[in-house]
Amino acid sequence: MKGKVNSAADALSRADDMEKCKEREPTIVIPANSFLNRVLLDSNTTITKIRESQGRFPMTEKEDQEGGIYQKVIDLDGGATVRRRKSNEAIIPSNDEELKCYLMEIHHDHPTAGHPGRDESLKILKTHYYWPQMTKWIEQYIQGCATCQESKILTHRPKTPLYKIPVPE
Ligand SMILES: [Zn+2]
């Protein structure tokens with residue numbers, strides 16, 4: 001009898017631990033993959049990081065000469081961002097690997113991004129950002145993404161039935 005009471009208490013404290021874990025998760029729940037969620041993730045933090053990086057890695061003389069291509073734009077929030085002249089993507093300094101990885105984290109790795117495939121990832125990133133040879137860089141990143149490689153293997157496995165229909169003996 002006593003044993004039973006103890007195990008119930010254990011189960012309760014385990015449930016408490018689970019609750020504590022859950023409390024650490026974000027309280028605002030927006031459906032994964034929703035546009036709004038991505039906008040929230042990709043808000044001020046990202047543009048601030050990009051501007052800081054553009055300050056740390058100023059355009060090379062060559063890039064400046066090509067000049068017509070890049071231009072400094074005053075965004076709606078009043079901040080200045082180097083963007084492509086016509087298409088308006090924010091320029092990501094090619095030397096800033098850390099920033100590129102950050103962009104992949106929010107647009108590819110993050111649970112709300114859900115590891116989109118090569119084409120979808122390229123589409124999303126190319127809408128907002130530009131850096132030289134970004135297609136190749138993104139392809140290599142996805143090839144090195146453990147989650148993507150794992151799911152690739154899984155989808156290539158032969159399909160096994162979820163359960164076997166019992167056969168009368
Ligand atoms: Zn991935």
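Modeller: A crossing is right-handed if the near helix is turned clockwise from the far one by less than a right angle, and left-handed if anticlockwise. By that rule α6 and α7 cross in the right-handed sense. This is a predicted model, in which local features need pLDDT of at least 70 and side-chain atom pairs count only at pLDDT 80 or more, while totals for chains, interfaces and linings use all residues. Residue numbers start from 1 along each chain as its sequence is written.

Helix α6 covers residues 118-128, and its axis comes within 10 Å of that of α7 at a crossing of roughly 135° (axes are lines fitted to C-alpha atoms over the stretch in contact, with angles from 0 to 180 degrees between N-to-C directions). The two helices are therefore oblique to each other, the class left over once angles under 35 degrees (roughly parallel), over 145 (roughly antiparallel) and 65 to 115 (roughly perpendicular) are taken out. On the α6 side the contact is made by R118, S121, L122, L125 and K126; α7 supplies M134, T135, I138, E139 and I142. Contact here means C-beta atoms, placed from the backbone, within 7 Å.

L125 belongs to the largest nonpolar core, which has eleven residues: the others are I50, V82, A90, I91, I92, L99, L103, Y129, I138 and I142. Such a core joins buried Ala, Val, Leu, Ile, Met, Phe, Trp, Tyr and Cys residues through C-beta atoms within 7 Å; buried means 20 or more other C-beta atoms within 10 Å, exposed 12 or fewer, and partly exposed in between. Two or more core residues come from each of β3 (90-91), α5 (97-109) and α7 (134-143).

The loop between β3 and α5 holds S94. S94 has 15 other C-beta atoms within 10 Å and is therefore partly exposed. Beyond four places in sequence, S94 touches W131 and P132. S94 and P132 are 38 residues apart in sequence, yet their C-alpha atoms are 6.7 Å apart.

As for the whole chain, there are eight helices and four strands, in the order α-α-α-α-β-β-β-α-α-β-α-α from the N terminus. These are DSSP runs, helices being H or I of at least four residues and strands E of at least two. Of the 169 residues, 12% count as buried.

Key: Two residues are in contact if their C-beta atoms, placed from the backbone, lie within 7 Å.
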